[in-house]
Amino acid sequence: MSLFVERGALLDGHFLLSSGLHSPRYLQCARVLMDPRVATDLGRALAERLREALNGVQPGAVVAPALGGVLVAHEVARAFGCRGLFTERQDGVMTLRRGFVIEPDEPVVVVEDAVTTGKSTREVLDAMKVLGARVLAVGCLVDRSVGDVDFGVLRRSLLRIDVPTYPADACPLCATGSRPVKPGSRA
Ligand SMILES: [Zn+2]
């Protein structure tokens, strides 16, 4: 948390999250990941936390949803010594492109920068299922999920925070006449 504060990545205001929810706080992971040394350190730390849960199974690939997860997959893959891949939406469906290949039954880890509703992560898990990959675990730098987000696999994060989120029609900030701003990332 101190790293996020120090890097100006913890924003206060009125934000429209990629999930569609509104929030008075936003963690801009890109502000932290833009420092390559910090990104490598965070990737190593997340990989260590995941490794403890994997009982010695080595992933063949680390996969993340573009755009927010790309650097995280890259750095966690560096720590594991495996491939770092990302999925993209093609006609609205999360897809592995760019010549990336997952072998049937290949063990993979799915990562994200931040999990709120888990929508992007779930879409990557669906894409992995279609490809026949064996998903070992889900990892994220920041878990700000509210309520019950269950991916059906092991889950690890570096930072867990409670950030209030509101549906647009029940947002107290909107009620004061304020309009939310979109800090990124889903279009
Ligand atoms: Zn609002």
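In this predicted model, a zinc ion sits among four donor atoms at angles of 94 to 118°, which makes the arrangement tetrahedral. The donors are His14 (NE2), His22 (ND1), Cys171 (SG) and Cys174 (SG). Their distances to the zinc ion run from 2.0 to 2.4 Å. Along the sequence, the donor residues follow the spacing H-x7-H-x148-C-x2-C. His14 belongs to strand S1 (residues 10–16), and Cys171 to the loop between S8 and helix H6 (172–175), so this pair ties together parts 157 residues apart in sequence. His14 and Cys171 are both buried.

Next comes the sheet. Six strands build an open sheet with mixed pairing. Their order is S5-S4-S3-S6-S7-S8. Strands S5 (93–96) and S8 (154–160) form the edges, and each pairs on one side only. On average, neighbouring strands are turned by 25° against each other, direction ignored.

One pairing can be followed in detail. Strand S3 (residues 61–65) and strand S4 (residues 83–90) run parallel, joined by five bridges. Pro65 has Thr87 in S4 as its bridge partner.

Two helices meet these strands. Helix H3 lies across S6 (107–115), S7 (134–143) and S8. Helix H4 packs on the sheet. The table sets out their contacts and angles.

| Helix | Strands involved | Angle |
|---|---|---|
| H3 (residues 36–53) | lies across S6, S7 and S8 | about 145° to S8 |
| H4 (residues 70–80) | touches S3, S4, S6 and S7 | about 170° with S3 |

Definitions and conventions. Residues numbered from 1 in each chain as written. Predicted model: local features only at pLDDT ≥ 70, side-chain atom pairs only at ≥ 80, totals over all residues. Heavy atoms only, no water. Pairing = 2+ DSSP bridges. Helix = DSSP H or I, 4+ residues; strand = E, 2+ residues; numbered from the N terminus. Axes fitted to C-alpha atoms, helices over the stretch in contact; angles between N-to-C directions. Contact = heavy atoms within 4.5 Å. Donors = N, O, S within 2.8 Å, 3.2 Å for Na, K, Ca; no water. Tetrahedral: all angles 85-135°; square planar, octahedral: opposite > 155°, others 65-115°. Buried < 20%, exposed > 50% of the residue type's maximum accessible area, 1.4 Å probe, protein only.
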